[in-house]
Amino acid sequence: MDSTKEIFGITRRQFVTSSAAVLATSGFAHEANAVTALARQPSEQGKSGPGAGRGPFRVIIDTDPGVDDALALLLAMRSPELKIEAITPVAGNVPLDLTLPNALRMVEIAGRTDIPVAAGARAPLVRRLVTATYAHGENGLGGAVFPEPTTKPVATPAADLIRQIVRKYPGEVTLITIGPLTNIASALNSDPELASMVRGLVMMGGSLSGGNITPAAEFNVYVDPEAARIVFQSGIPVTMVGLDVTRRTSLTDDHVRALEAAQNPVSQAAAKIGRNAINHNREGGYLVGPNMHDSLAVAGFLDPAILKLQDYYIDVETTGELTAGETLGYSPVAGDLRRRPGMEKDATNMPIRGSAPTLASTKTSPVLRDKFVPNTKVAVEVDSARFFDLLIGRLSGSK
Ligand code: BDR
Ligand code: CA
């Protein structure tokens with residue numbers, strides 16, 4: 001295939017280049033690797049410990065608060081490694097009329113009203129909104145009640161603000177997405193050059209081991225699969241922190257007690273949300289607390305030792321009657337496709353196929369890619385204890 005031929009709107013050459021850039025530019029300092037040093041900031045020299053000395057990294061947090069979003073926002077705002085350029089709420093766990101004020105509440109609680117909060121999409125690109133009040137309560141915060149925020153969102157819509165910020169700092173901004181990807185896809189759709197200017201995208205979303213809203217799909221991708229597909233195919237180096245790892249982050253009574261013991265507004269608010277969410281789960285008959293899905297995406301960016309990542313080509317099912325929103329992970333070194341040591345390179349010649357052709361269509365299976373080229377680093381293992389040390393430590397003010 002001609003290396004410059006268009007595949008899903010980008011050329012193969014761009015695609016290969018951007019995939020290689022995953023290693024070079026991700027905020028995650030990937031395992032010992034020659035290019036890791038390129039990603040390091042000068043301020044990292046001579047420091048150690050979780051996140052110590054990393055960054056500051058310019059980030060935009062796209063979110064749908066959401067119990068775990070709320071704690072993820074508080075974690076991010078308590079982390080000096082991050083220069084949060086904007087927070088962009090989107091409809092997801094609850095409608096935008098709730099996710100927007102919930103985000104503003106978190107900004108006020110953290111004393112970070114300097115961060116612009118911009119209203120995002122009210123609905124997915126082409127689908128009706130499905131919410132998750134069953135998990136997050138009617139108010140999105142597990143029933144934890146906080147005063148109405150007095151801070152106002154900025155006038156610029158989220159997709160426009162994302163575009164403006166990325167263009168202002170080309171190659172510097174990492175998008176941390178912890179909700180449906182509607183805002184990001186809208187920004188990319190409005191500006192074909194934008195993807196090449198994004199440093200990386202760290203997503204809580206997707207799964208290679210089954211879904212949580214359907215057997216196939218994880219909630220954030222399920223809500224707006226078309227948007228997720230645009231993101232995965234954009235050429236942006238993506239890190240996918242999916243259910244494969246976030247299912248191992250159940251919040252416990254002990255965590256909440258540690259937050260309650262710390263006497264600061266952030267830990268008290270986090271404890272209140274956590275306590276309500278645990279009770280909400282118990283009332284629903286669940287034995288374990290809510291998972292801190294979104295905080296894990298933020299924490300993994302702050303401290304790369306929390307997650308182990310593996311290269312995949314990820315695509316999203318958008319047409320399935322039962323499976324829309326499923327993330328498919330192609331890898332030449334996973335499952336039945338494992339090769340003898342030393343032969344992994346040959347395996348990259350594996351073509352990436354779609355479904356078998358129907359009688360009405362062509363004779364051969366569609367080949368989406370003629371060889372394996374990763375577009376995503378997928379989190380496949382998590383150090384849950386290290387994660388909670390960081391989360392509770394930052395929220396309580398002890399780390
Ligand atoms: C994701 O869906 C939402 O309910 C959570 O906030 C998280 O972002 C988990 O599937
Ligand atoms: Ca979320």
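Let's start with D244, which is found in helix α10, residues 243-246. Helices here are DSSP runs of H or I with at least four residues, strands are runs of E with at least two, and both are numbered from the N terminus. This is a predicted model, where local features need pLDDT of at least 70, side-chain atom pairs count only at pLDDT 80 or more, and totals for chains, interfaces and linings use all residues. Residues are numbered from 1 along each chain as its sequence is written, and chains are lettered from A and ligands numbered from 1 in the order in which they are written.

Back to D244. Is D244 buried or exposed? D244 counts as buried, because 20 C-beta neighbours lie inside 10 Å. The cut-offs: buried takes 20 or more other C-beta atoms within 10 Å, exposed takes 12 or fewer, and partly exposed is in between, with C-beta atoms placed from the backbone. Beyond its neighbours within four places in sequence, D244 is in contact with S207, L208, S209, A379 and V380. Contact means C-beta atoms, placed from the backbone, within 7 Å.

Now compare P265, in helix α12, residues 265-283. P265 has 12 other C-beta atoms within 10 Å, so P265 is exposed.

Eight strands form an open sheet, ordered β4-β3-β5-β6-β7-β12-β8-β9, with mixed pairing. Two strands pair if DSSP finds at least two bridges between them. Which strands stand at the edges? They are β4 (82-89) and β9 (327-330); each has a single partner strand, so one side of each has no neighbour in the sheet. Further in, β6 (200-204) and β7 (238-241) run parallel, joined by four bridges. One pair to find: L201 has V238 in β7 as its bridge partner.

On to the core. The largest nonpolar core has 105 residues, and L73, L74, V231, V241 and A297 touch the most other members. Such a core is a set of buried Ala, Val, Leu, Ile, Met, Phe, Trp, Tyr and Cys residues joined through C-beta atoms within 7 Å. Helix α3 gives the largest share, nine residues. Take L73: not counting residues up to four places away in sequence, L73 touches I61, T63, P65, I87, A103 and M106.

Last, ligand 1. Of the 15 residues around ligand 1, G66, D68, A132, F219 and H293 come nearest. Near means a C-beta atom, placed from the backbone, within 6 Å of the molecule. The elements giving two or more residues to this shell are α3 (67-77), α8 (219-223) and α13 (293-302).

Key
Two residues are in contact if their C-beta atoms, placed from the backbone, lie within 7 Å.
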